[in-house]
Amino acid sequence: TQQTAVEKSIARAEKIVNAVHIARDLISHPGNTVMPTYLAEHAKIMARKNKITCKVLGKKEMEKLGMGSLLGVAQGSDEPPALIVLEYNGAAKKNAPTVIVGKGITFDTGGISLKPGAAMDEMKYDMCGGASVFGTISAVAELGLPINVVGVVPAVENMPSSTATNPGDIF
């Protein structure tokens, strides 16, 4: 019936709106609350609510994988890095997944090469790509789409300190 079709459309729209709110909520937080560990915990909670697998790699796992560039960005911060991998399987395992990667630099001062102070507060937005991955994976899972999707969010904080990278460093 027409009413059933409208109800299905409304339910679908609500799921999409909820996913948009996930991304917007993460983006709206101040830089001192949304850090790599916060994103990792948020991903685990989101995974438990949906049919999503969540793996979070820490510094030691990233070192073993030779992820020197990502670790280099994080080395000036006291906040540990996290590589967040979210997997949704709505199709047969033989079907290759669509992979989406979103930048999760939770705050980007520029490290030793500090960015201009006038817009420094906006550097919290360097994690918008990661927030978009969270929202997309949530929407796909909530809608029960018949696809496989892997979302990857490399989450680090880029801060100046005596351990931050120097311009020209090799990783």
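This is a predicted model: local features need pLDDT of at least 70, side-chain atom pairs count only at pLDDT 80 or more; totals for chains, interfaces and linings use all residues.
1. **Overall layout.** The chain holds five helices and five strands. Read from the N terminus, the order of elements is α-α-β-α-α-β-β-β-α-β. Along the principal axes, the C-alpha atoms fill a box of roughly 65 × 40 × 25 Å. The chain has 171 residues, and buried residues make up 38% of them.

2. **Contacts along the sequence.** Take the contacts between residues at least 6 apart in sequence. Of these, 77% join residues at least 24 apart.

3. **Helix 1.** This helix covers residues 2–28, which is 27 residues. At 1.5 Å a residue, helix 1 should span 39 Å, and its end C-alpha atoms lie 38 Å apart, so the two values agree. Which residues of helix 1 are buried? They are Ala19, Ala23, Leu26 and Ile27. The cover over these buried residues includes helix 2 and helix 5.

4. **Helix 2 against helix 5.** Two packed helices are described by the angle and the distance between their axes. Here helix 2 is residues 36–49 and helix 5 is residues 128–143. Their axes come within 11 Å and cross at roughly 5°. Angles under 35 degrees count as roughly parallel, and helix 2 and helix 5 are therefore roughly parallel to each other. Helix 2 brings Leu39, His42, Ala43 and Met46 to the contact. Helix 5 brings Phe134, Ile137 and Ser138. By type, the residues of this contact are five nonpolar, two polar and no charged.

5. **Thr106.** This residue sits in strand 4, residues 104–108. Is Thr106 buried or exposed? Its relative accessible area is 1%, so Thr106 is buried. Leaving out residues up to four places away in sequence, Thr106 touches Val34, Met35, Pro36, Leu39, Met123, Lys124, Met127, Val156 and Glu157. One of these, Leu39, also takes part in the contact of helix 2 with helix 5.

6. **Gly111.** Look next at the loop between strand 4 and helix 5, where Gly111 is placed. Gly111 has 2% relative accessibility and therefore counts as buried. Beyond residues up to four places away in sequence, Gly111 touches Asn158, Met159 and Pro160. How far is Gly111 from Lys93, 18 residues apart along the chain, by their C-alpha atoms? The separation is 41 Å.

7. Side chains of opposite charge can pair when their charged atoms come close. The structure holds three salt bridges. One of them is Lys44 with Glu41, with the closest N and O atoms 3.3 Å apart. Lys44 and Glu41 are three residues apart in helix 2, so about one helical turn separates them. Lys44 has a relative accessible area of 32% and is partly exposed. Glu41, at 42%, also counts as partly exposed.

8. **Lys55 with Glu87.** These side chains meet in a salt bridge at 3.7 Å, N to O. Lys55 has 46% relative accessibility and counts as partly exposed. Glu87 is partly exposed too, with a relative accessible area of 22%.

9. **Asp126 with Lys103.** This salt bridge has an N to O distance of 3.5 Å. Buried means under 20% relative accessible area. Asp126 has 16%, so Asp126 is buried. Lys103, with 45%, is partly exposed.

10. **Points to check on screen.** Start with the contact between helix 2 and helix 5, including Phe134 and Met46. Then find Thr106 in strand 4, and Gly111 in the loop between strand 4 and helix 5. Finish with Asp126 and its salt bridge to Lys103.

Definitions and conventions. Residues are numbered from 1 along each chain as its sequence is written. Side-chain values use heavy atoms; hydrogens and water are left out. Axes are lines fitted to C-alpha atoms, for helices over the stretch in contact, and angles run from 0 to 180 degrees between N-to-C directions. Helices (H or I, at least four residues) and strands (E, at least two) are DSSP runs, numbered from the N terminus. Angles under 35 degrees count as roughly parallel, over 145 as roughly antiparallel, 65 to 115 as roughly perpendicular and the rest as oblique. Contact means heavy atoms within 4.5 Å. Ala, Val, Leu, Ile, Met, Phe, Trp, Tyr, Cys and Pro count as nonpolar, Asp, Glu, Lys and Arg as charged, and the others, Gly among them, as polar. Buried means under 20% relative accessible area, exposed over 50%, partly exposed in between (1.4 Å probe, protein chains only). The expected span of a helix is 1.5 Å times one less than its number of residues. A salt bridge is a side-chain nitrogen of Lys or Arg within 4 Å of a carboxyl oxygen of Asp or Glu.
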